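Hi,

Here is the model I said I would pass on.

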Amino acid sequence: MLHPYVFEFHRLPRSSHEWIKIAEEFNSTWNFPQCLGAIDGKHVVIQSPVHSGSEFINYKGTFSIVLLALVDADYNFIFVDCGCQGRISDGGVYRNTELYQKICRNELDLPLPERLPLKEDEIPYVLIADSAFALTVNMMKPYAGNHNKESKERVFNYRLSRARRIVENVFGVMSFLFRVLRKPILLHHDKVTNIVMTCVLLRNYLRRSKKSRSIYTPVGIFDTDDEDIIQSGSWRNDHEGVSSLLPLRAIPRRAAIDAKTVRDKFAEYFVTNGAVSWQNNY
């Protein structure tokens, strides 16, 4: 079992002030206000557990456990859940995490809803995700389908994708550094969970000092987005043939009206007071 002190390198914020600090960094770095983190999940492929039946079989027909992570604007893990059986629907993985339960019980001291700059209505602070997650008042995902250039839906999808790319880079760079994550892991699923969590904690630890950060995540390893110029990170050049860390499957769901209203308010802000000059180039 991991020693308790290592969780200092991976923990949820403990106050609304700490959450707001993350949101301010998302806004200043990625132009997405009132964002508390980017969330995503991956299937970590494992060998077939003995006598497990279909418990660990995922939508690809392979055996896996699920790694679900929330990251801040500086590519650091702030919450990780690992070990959920691959058979659980990808939409249900998040609902089985401590993070979801704490949000439902109002135990995270999240900041209260606020107004976006020069807007009248208050809207909640949110997490951002891709289409594999359900749209809720605290979880924003892209609008489905194709949308006309300069439409608020298309602009919103670009702005969300730009900020959410962080979590994609975190997973990609972690498998670039820890090669054990690139192929199916031929161990018991409990040992796989420990290995994955060790990689998570080591990665956060190595980013704590300026010296180790420059060695293990040097300039150019992450994707860069300088307004309308996107440069792929170097980790992508060495990602061919990776057969683990499969993406979660997108499942259509009907969202509540209040969740759609929150997304529409973000979208309206992005094409008015919160517009950036290059957003219509995508």
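Strand 1 and strand 10 (residues 246-247) run antiparallel and are joined by two bridges, with His43 standing opposite Leu246. By pairing I mean that DSSP finds at least two bridges between two strands. Helices (H or I, at least four residues) and strands (E, at least two) are DSSP runs, numbered from the N terminus.

Before I go on, some housekeeping: this is a predicted model, where local features need pLDDT of at least 70 and side-chain atom pairs count only at pLDDT 80 or more, while totals for chains, interfaces and linings use all residues. Residues are numbered from 1 along each chain as its sequence is written, and side-chain values use heavy atoms, with hydrogens and water left out.

Back to strand 1 (residues 35-46). Twelve of its twelve residues are buried, so strand 1 is largely enclosed by the rest of the structure. Buried here is under 20% relative accessible area, exposed is over 50%, and partly exposed is in between (1.4 Å probe, protein chains only). Strand 1 also runs parallel to strand 6 (residues 126-128), with three bridges joining the two; Cys35 sits opposite Val126 there. With strand 2 (residues 63-71) the pairing is antiparallel and covers nine bridges. Two of the facing pairs are Ile46 with Phe63 and Gly41 with Leu68.

Strand 2 is another enclosed one: nine of its nine residues are buried, so the rest of the structure largely surrounds it. In a regular strand the side chains alternate between the two faces of the sheet. In strand 2, Phe63, Ile65, Leu67, Ala69 and Val71 point one way, Ser64, Val66, Leu68 and Leu70 point the other way, and all are buried.

Next comes strand 3 (residues 77-85), which runs antiparallel to strand 2 and is joined to it by seven bridges. Val66 has Cys84 as its bridge partner in strand 3. Strands 2 and 3 make a hairpin with five residues between them, and Tyr75 in the turn has a positive phi of about 65°.

The loop between strand 1 and strand 2 holds Glu55. At a relative accessible area of 30%, Glu55 is partly exposed. Its C-alpha lies 9.8 Å from that of Cys84, which is 29 residues away in sequence. Leaving out residues up to four places away in sequence, Glu55 touches Gln85, Gly86 and Arg87, where contact means heavy atoms within 4.5 Å.

Now the helices. Helix 1 (residues 16-30) packs against helix 4 (residues 152-177) at an angle of about 115°, with the axes 10 Å apart. The axes are lines fitted to C-alpha atoms, for helices over the stretch in contact, and angles run from 0 to 180 degrees between N-to-C directions. On the residue level, Phe26, Thr29 and Trp30 in helix 1 meet Arg162, Ala163 and Ile166 in helix 4. By class, that contact of helix 1 with helix 4 has four nonpolar, one polar and one charged residues. Ala, Val, Leu, Ile, Met, Phe, Trp, Tyr, Cys and Pro count as nonpolar, Asp, Glu, Lys and Arg as charged, and the others, Gly among them, as polar.

Helix 4 also packs on helix 7 (residues 257-270), at about 95° and with the axes 8 Å apart. That makes helix 4 roughly perpendicular to helix 7. Lys152, Val155, Phe156 and Arg159 from helix 4 meet Arg263, Asp264, Phe266, Ala267, Glu268 and Phe270 from helix 7. The contact of helix 4 with helix 7 divides into five nonpolar, no polar and five charged residues.

Setting aside neighbours within four places in sequence, Ala259 is in contact with Leu135, Thr136, Val137 and Met140.

Cheers

How values were computed: Parallel < 35°, antiparallel > 145°, perpendicular 65-115°, else oblique.
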